[in-house]
Amino acid sequence: NGTDGDRRFDAGLWAADLHMAQGRFGQARAIVAAIQTRCREDDAELRGDLARLLHLADRFSYDFDAALRHLDEAARWYETSGSVFGRSAVLTNRAELLAWTDPEAAVEAATEAIDVQQELGALHELGKAYTALALAQVRMGLLQEAAASLDLACDALERARYRSGRARAELVRAFVHARRGLPAKAAEAVRAAVRGLVATEVYPTLILLAARLLDVLGVSDPMVTDAARHARSVLDGDHTEVTAARVTELLGMDPPSLFREALDHPDAAAGFYNRNVRVGPVLVRAPIAGADGMDLRIWPEHEVLAALAPHVECAPRLRFTSVDPPFQVHDFVDGTVLDALAPRGVRVPAFVLHDVVALFRSLAEIPFRELPPVPFDWAADGDTVSFARRLSAITGHVHARFRDSFAAVFAGLGVPVAPLQPVHWETLTSRPFCLVHADVHRKNMILEDGRTFFLDWELALWGDPVYELAVHLHKMAYFGNERDALLRAWLDVMTPAMVRSWETDLETYLAHERVKSAIVDTVRYTQLIASGELPPEEEHHLLEKLTGKLNSAGRYWGWSEPIEQARTEYVVRRHRA
């Protein structure tokens with residue numbers, strides 16, 4: 001009879017839905033086809049449910065054209081039947097589909113779906129609509145907006161106790177973290193998503209998506225690997241290529257390909273710690289293996305850049321970070337390095353002074369809670385003496401590490417046995433700490449259209465703002481009136497507490513920076529010249545710079561006479577011999 005037939009159709013529909021959710025798309029389609037041949041032609045709501053189920057099978061297998069056809073068919077049947085639930089479900093499904101195919105249209109569709117689901121009180125559908133909105137925002141690069149949408153999605157999904165929906169939202173969150181350049185947080189979200197999907201035994205194609213994201217991040221996880229292996233075993237066909245394509249779409253780039261291209265690129269700019277290669281509109285930045293660490297570092301650079309993003313526009317935009325192999329992807333800043341336009345001995349454009357001071361003020365306003373965690377034994381806020389001693393401990397460690405192998409060089413250049421003895425930290429005044437770049441100099445500034453962008457954040461610290469000022473003044477070698485103008489502007493924008501007793505402490509920090517430069521660059525420049533890889537003019541330039549650095553430190557070491565460049569060259573070249 002009709003009732004028994006309806007029950008069989010309901011049971012078949014539930015079976016088809018289970019097969020679809022668990023990735024057995026062929027079996028789901030076969031059951032749907034069998035029901036379609038047996039159900040009444042005028043059973044519009046059932047036919048709408050069947051068409052919508054086919055839409056889901058198509059969407060989760062990434063056949064978006066077929067998914068749209070079946071969704072439109074479902075919408076027509078639901079309209080005929082007058083099904084309120086069916087029509088509202090189509091609104092959510094349309095937003096979910098458009099998030100993949102047309103993100104801008106998806107925002108409008110998701111907004112409509114959210115309004116309807118809120119009115120109906122359908123929490124699980126509301127959570128899915130917010131998740132679709134977040135996915136579209138990720139595709140559009142609107143990461144802060146996506147994070148806010150996901151918070152709303154998770155709230156609705158948790159209240160609905162919809163675990164698989166919550167897992168899907170967490171997977172989208174993983175891509176938000178990945179696009180912000182935070183691989184650890186992205187991996188954490190991937191694990192949470194996969195645990196939820198495995199527990200509910202659904203959506204194997206999403207598990208493959210999660211596993212592929214971990215691969216691109218360079219993160220391994222046995223649980224995710226096992227889940228992906230099982231997902232492949234239940235799915236028809238090989239989903240490797242389509243999964244990789246979907247991850248590339250969500251990241252807005254193909255990081256492994258960018259890295260391979262950067263490796264093969266003959267032109268690269270390199271500092272002491274990183275190699276930088278432009279690849280199209282982005283910069284691939286990779287650490288130099290085996291680089292000697294001669295500076296205090298407490299944070300991974302990508303975590304600093306991610307924390308900066310909401311507050312500082314004049315820093316590189318971080319797009320992605322890989323753990324293994326280690327590299328970052330930044331937006332490329334297409335401008336002129338300040339050192340090329342205005343090297344030492346040339347005045348900087350006036351706007352540069354303004355931009356430097358504006359940066360220091362912006363950094364002072366970033367809340368500590370939004371920064372990466374500091375080391376457990378880091379100086380307490382305001383403890384400038386402990387902070388400064390941490391700085392000189394690194395300098396002392398560098399000197400001790402090279403004391404024996406560079407003994408003849410240090411002695412020949414007049415570096416004393418206790419080079420840090422003239423630096424007296426106990427006189428420092430307490431000041432509130434803030435984020436400091438700690439390496440703002442001419443080669444780390446790019447000028448573009450009258451604005452200054454500040455690069456190389458790997459030495460950023462939580463510390464004394466007067467230290468930031470000292471490092472900058474030491475490395476810039478401004479003309480007197482430039483220095484005075486910068487100091488006046490700095491005093492105008494920093495809080496009174498941050499400039500307390502600044503003049504005396506500035507000189508103390510400068511003493512350390514000059515001694516540090518003499519020690520560190522004696523080692524670095526001697527190593528570079530000893531390599532025999534530099535052209536003669538570059539060697540001459542380094543010897544000239546080193547002579548200047550030694551004489552700056554010599555004033556603190558009590559030298560009665562300056563060292564001549566000829567002496568510097570003689571000592572350095574003997575080390576190579």
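Which residues does leucine 251 touch, not counting residues up to four places away in sequence? Leucine 251 touches Phe175, Ala178, Arg179, Leu213, Val216 and Phe320, where contact means heavy atoms within 4.5 Å.

## Basis of the model

This is a predicted model, in which local features need pLDDT of at least 70 and side-chain atom pairs count only at pLDDT 80 or more, while totals for chains, interfaces and linings use all residues. Residues are numbered from 1 along each chain as its sequence is written, and side-chain values use heavy atoms, with hydrogens and water left out.

## Nonpolar cores

The largest nonpolar core has 94 residues, and Met20, Phe175, Leu209 and Leu251 have the most contacts inside it. Helix H11 (residues 204–217) gives the most to this core, with 10 residues. A second, separate core of 65 residues includes Val348, Trp457, Tyr467 and Leu510.

A nonpolar core is a set of buried Ala, Val, Leu, Ile, Met, Phe, Trp, Tyr and Cys residues joined through side-chain atoms within 4.5 Å. Buried means under 20% relative accessible area, exposed over 50%, and partly exposed in between (1.4 Å probe, protein chains only). Helices (H or I, at least four residues) and strands (E, at least two) are DSSP runs, numbered from the N terminus.

## Helices H2 and H3

The axes of helix H2 (residues 25–38) and helix H3 (residues 44–60) come within 10 Å and cross at roughly 160 degrees. Axes are lines fitted to C-alpha atoms, for helices over the stretch in contact, and angles run from 0 to 180 degrees between N-to-C directions. H2 and H3 are therefore roughly antiparallel to each other (angles over 145 degrees).

On the H2 side, the contact is made by Phe25, Ala28, Arg29, Val32, Ile35 and Gln36. The H3 residues in the contact include Leu46, Leu50, Leu53 and Phe60.

## The E6-E8-E9 sheet

An open sheet is formed by 3 strands in the order E6-E8-E9, with antiparallel pairing; two strands pair if DSSP finds at least two bridges between them. Strand E6 (336–337) and strand E9 (451–454) are the edge strands, each pairing on one side only. Helix H17 (residues 350–364) packs on the sheet and touches E8 and E9, its direction making about 45 degrees with that of E9.

E6 is joined to strand E8 (residues 445–448) by 2 bridges. Valine 337 stands opposite isoleucine 446 in E8.

Helix H15 (residues 301–308) is mostly covered, with 7 of its 8 residues buried. Alanine 289 lies in the loop between strand E3 (282–287) and H15, and counts as exposed because its relative accessibility is 77%.

Technical notes. Angles under 35 degrees count as roughly parallel, over 145 as roughly antiparallel, 65 to 115 as roughly perpendicular and the rest as oblique.
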